[in-house]
Amino acid sequence: MTTLSPGPDLRALAGEAHRVDDEIRALRTAFVEEHAEEIYAGLTDGRTRYLRIDELVRAAALACPGLVPSEEQMAAERSLPQAEKEGREIDQGIFLRGILRAPKAGPHLLDAMLRPTERALKLLPGFLETGVVEMEAVRLERRDGVAHLTLCRDDCLNAEDGRQVDDMETAVDLALLDPSVRSGLLRGGVMSHPRYLGRRVFCAGINLKKLSSGDIPLVDFLLRRETGYIQKIFRGLLTDGSWHSRLTDKPWMAAVDSFAIGGGTQLLLVFDHVLAASDAYLSLPAAKEGIIPGVSNFRLSRIAGPRVARQVILGGRKLRADEPDARSIVDEVVPPEEMDTAIDSALARLDGEAVVANRRMLNLAEEPPEEFRRYIAEFALQQALRIYGADVIGKVDGFAVGAR
C-alpha cells in the first residue's frame, strides 16, 4: 500500500506570502519617503508640470516599474469585485503618502488638484452662454448670480460613486470659472426611490453596492473627492488669477432635506452656510461601514468638539438637525415647507461685498493648508488599508443603499 505524502499547509504558505508582502511594502515605504522629492521632480519636470493624482500614479508606473502597480495590473484589479482584488491600491497609497508628506512635492500635487479639469474647460463656453449644464449626477443652473447644483441621482438617494465625483467637480469648476456667479448652492433633488418617492434627499453617502463590486477606487474616488471638488469649494480654484490671489473662491451654501449620511455630512463641514429641514438628520456611519469618513476626523472635532466627534464617528450617533449638538454643523433649521424661502434669504446674506475675503481668512485660520496636507497624506494610506480590510469586505456585501 502506497503512503501519500501530506499536501502543503496552505495556511502556512498564505502566512509566508503575507510576510513577504509586508517586507516588500516596508522597503517601498522607506524608498518613497527617502526619494519622494526626486521622484516627483522627475515626473513633473522639476515641478513645472501639474499632474493630477491619477496622472501621477500612471506616470510613476511607467517611469519607475515596481514602485506602483502598472496600468495593466490596475486594469485587472478594476475588473474584480472588492473581495477578490489583490489590494494593489495599498501600494498606490504608500506612494501617495510619501509624495504628499514631502515639503515641496506635497503642496505642488495639491495645487494640481485645485486646477480646473479639462472637462469643465470644454463645457465652459456653453455654460456661459446658456447657464445650464445637465449631467448624470448633477444638474447645474445659473440663476440671478447663484450657481444651483442639484444632486439628481433620484434612483439611489444621491449615493456617491465615481460618476458623482466627476460631475460634482465639473459643476464646481464651472461655478467658480463663471464671473457672473457670485455664490453656489448645493441641494438634493426629488427622488424616484420608493422609500422617498416625491421627496428631496440631500445625500446617502458612499454607494456601498459600488464599493462591494470594486467600483470605488482609491485614487479616482476617495482621494480625488477630498483633494478635488471638496477642496475647491473650501479653498477655491487655482487659476492664473491676478496678483492679489492665486485662487478664485466664492461663498457656498448647502440645503439639507431628509438626511445627509456619510459623505453628505462630510460635505457640510466645508460650506459657509448650512440650512436644514427640521425633520432631517446627519450621520457618519464609519464604525458601521469600517472605513474612514474622509476628512471628517480632521474637521469635526474642531467644529463640533472632540466628544461629539467621537460619538458620531466612532459610535455611529445620528444627529437630528434640530438638536443642540447639530447646531455646530447646521446654521439654520426651518420646517420642510419653509426651505425655499429660507434658501433665498440665506443666499442674500452671503452676497455681501466682504464675504469672499472674510471666508478666505476664516478658512485659512481654521484649516491651514499644511495641516490639511499632513492629514490627507496619512489618509491616502490608511483609507487604502481600510477598503481592503476583511471586516469592510464582509460588511459591504450585505449593505444596500436604501437600507441605511
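Student: Which residues lie nearest the centre of the largest cavity, and how many residues line it?

Tutor: In this predicted model, the lining of the largest cavity comprises 21 residues, and I206, Q266, I291, I292 and P293 lie nearest its centre. The volume of this cavity is about 170 Å³. The structure holds 3 cavities of 30 Å³ or more.

Student: Which helices supply at least two residues each of that lining?

Tutor: They are helix 9 (218-227), helix 11 (263-268), helix 12 (286-289) and helix 17 (369-387). Helix 9 provides the largest share, 4 residues. By class, the lining divides into 10 nonpolar, 6 polar and 5 charged residues.

Student: How many aromatic pairs does the whole structure contain?

Tutor: A search finds 5 aromatic pairs. One of them joins Y196 and F259, with 5.2 Å centre to centre and 80° between the planes, an edge-to-face arrangement. This pair links distant parts of the chain, 63 residues apart: Y196 belongs to the loop between strand 4 (183-188) and helix 8 (208-212), and F259 to strand 8 (residues 259-261). Both Y196 and F259 are buried.

Student: Why is the pair of Y375 and F379 stacked?

Tutor: Planes under 30 degrees apart count as stacked. The planes of Y375 and F379 stand at 20°, with ring centres 6.3 Å apart, so the pair is stacked. Because Y375 and F379 are 4 residues apart in helix 17, about one helical turn separates them.

Student: Is Y375 buried or exposed?

Tutor: Y375 is buried, at a relative accessible area of 17%, and F379 also counts as buried, at 3%.

Student: Where does the charged end of R299 sit?

Tutor: The charged end of R299 sits over the ring of F234, 5.6 Å from the ring's centre. R115 lies over the face of Y50, at 4.4 Å from the ring centre.

How values were computed
Residues are numbered from 1 along each chain as its sequence is written. This is a predicted model: local features need pLDDT of at least 70, side-chain atom pairs count only at pLDDT 80 or more; totals for chains, interfaces and linings use all residues. Side-chain values use heavy atoms; hydrogens and water are left out. On a 1 Å grid over the protein atoms alone, a cavity is a set of points where a 1.4 Å probe fits but cannot get out, and a pocket is an open set with protein on both sides within 12 Å along at least five of seven lines; lining residues have an atom within 4 Å of a point. Grid points are joined across faces, edges and corners, and a volume is the space filled by probe spheres set on the points. Ala, Val, Leu, Ile, Met, Phe, Trp, Tyr, Cys and Pro count as nonpolar, Asp, Glu, Lys and Arg as charged, and the others, Gly among them, as polar. Rings of Phe, Tyr and Trp (its six-membered ring) pair if their centres lie within 6.5 Å; planes under 30 degrees apart count as stacked, over 60 as edge-to-face and the rest as tilted. Buried means under 20% relative accessible area, exposed over 50%, partly exposed in between (1.4 Å probe, protein chains only). A charge sits over a ring if NZ of Lys or CZ of Arg is within 6 Å of the ring centre and within 35 degrees of the ring normal.
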